[in-house]
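Open your viewer and have the selection tool ready. We will go stop by stop.

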Amino acid sequence: MHFHAMDISLYERLTRRLGKHPESAKHVIALWLWMKYIQFNDLVEHLSRQNDSTLDAFFAEAQRCLEVIFNDVTPPSGAGDDVPNMASRLADGEPFGLRFFVFHRDISREGVTLQLTNVCNLIFDEGNLAGGEGGSGAAAGGRGLNPMAVPWVPQEEMSHEGRRSIFITFSKGSVNPLTREEIAHFFNQRYGRCVERVMLEKTNFGEPPMYGRIILTQATFIPIILNGVCLKKFFVYGRQLWARIYVPKEEGPQ
């Protein structure tokens with residue numbers, strides 16, 4: 001089966017059977033494809049197995065998320081967790097709702113745009129879908145798309161450590177402080193191979209560090225770890241650790 005055959009089949013179902021506008025369907029599937037980076041690994045496969053009414057409900061929810069991401073729409077107070085179908089797919093059963101996209105609007109916008117530009121606009125080309133056996137081979141091969149390529153990540157993200165970092169703090173006066181290795185092992189086990197390295201405050205001998213920074217392999221892990229909140233508490237091998245987005249000094253408040 002072609003690498004994008006399931007995506008194409010879902011697009012055709014949305015546009016031809018459910019009557020969705022092609023551009024709306026492209027944007028919605030771009031969102032679903034990007035969401036695999038925030039622990040919705042099998043979302044497209046899951047949706048492909050659902051009946052039309054369930055798929056239509058997911059589509060409506062995705063459009064609400066896209067409004068928040070691209071139109072700067074802010075959901076009313078109390079509406080942060082009203083995306084139950086998506087929430088049920090998030091690993092560890094943590095809450096997931098529209099407030100996630102409000103808090104991570106820039107990352108979400110960039111991620112969805114990349115999927116739309118580099119994948120959906122190529123494989124969902126109407127001319128390609130109409131020709132070829134099943135349309136899938138023409139969609140990829142006719143436009144030079146490598147179906148096995150690693151998703152493109154901007155070079156700036158790979159080089160600018162500040163844009164892919166999380167700031168961490170520890171409880172004052174804690175005994176037996178966490179080590180770099182323990183922190184990296186905890187997050188790599190919980191979220192996959194996400195940690196490039198851990199930096200801790202340099203202190204005098206015998207004094208525990210109060211803060212540090214986790215440099216991630218890519219910025220897309222930030223919303224996975226923080227899950228839409230400004231400050232999140234973790235219990236790492238029985239010890240508390242607080243995490244928030246790292247703001248480089250040159251980008252902080254003036």
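This is a predicted model: local features need pLDDT of at least 70, side-chain atom pairs count only at pLDDT 80 or more; totals for chains, interfaces and linings use all residues.

**Stop 1: helix 1**

Select residues 5–17. This is helix 1, with 13 residues. From first C-alpha to last, helix 1 reaches 17 Å, close to the 18 Å expected at 1.5 Å a residue. Now colour its buried residues. Among them are Ala 5, Ile 8, Leu 10, Tyr 11 and Leu 14. Then step past the end of the helix. Gly 19 follows helix 1, and its phi is positive, near 75 degrees.

**Stop 2: His 104**

Jump to His 104. This residue sits in the loop between helix 6 (98–103) and helix 7. Is His 104 buried or exposed? His 104 counts as buried, because its relative accessibility is 2%, and the cut-off for buried is under 20%. His 104 and Leu 226 are 122 residues apart in sequence. In space, C-alpha to C-alpha, the two are 9.7 Å apart.

**Stop 3: helix 7**

Move on to residues 105–123, which form helix 7. Helix 7 has 19 residues and spans 26 Å between its first and last C-alpha, close to the 27 Å expected. Where is the kink in helix 7 centred? Look at Leu 116: the kink is centred there and is about 40 degrees. Leu 116 is also one of the buried residues of helix 7. Others in that list include Arg 105, Gly 111, Gln 115 and Cys 120.

**Stop 4**

**Stop 5**

Select residues 232–236, strand 4, and pick out Lys 232. Lys 232 has a relative accessible area of 13%, so this lysine is buried. What lies 3.2 Å from a polar atom of the Lys 232 side chain? Show the backbone of Ile 225: its oxygen is at that distance.

Finish at Tyr 237, in the loop between strand 4 and strand 5 (239–245). Phi of Tyr 237 is near 50 degrees, a positive value in a residue other than glycine. Tyr 237 counts as partly exposed, because its relative accessibility is 40%.

Note on methods. Residues are numbered from 1 along each chain as its sequence is written. Side-chain values use heavy atoms; hydrogens and water are left out. Helices (H or I, at least four residues) and strands (E, at least two) are DSSP runs, numbered from the N terminus. The expected span of a helix is 1.5 Å times one less than its number of residues. The bend at a residue is the angle between axes fitted to the seven residues ending there and the seven starting there. Buried means under 20% relative accessible area, exposed over 50%, partly exposed in between (1.4 Å probe, protein chains only). A polar contact is a pair of N or O atoms within 3.5 Å; within protein, one must be able to donate a hydrogen and the other to accept it, and residues adjacent in sequence count only if both atoms are side-chain atoms.
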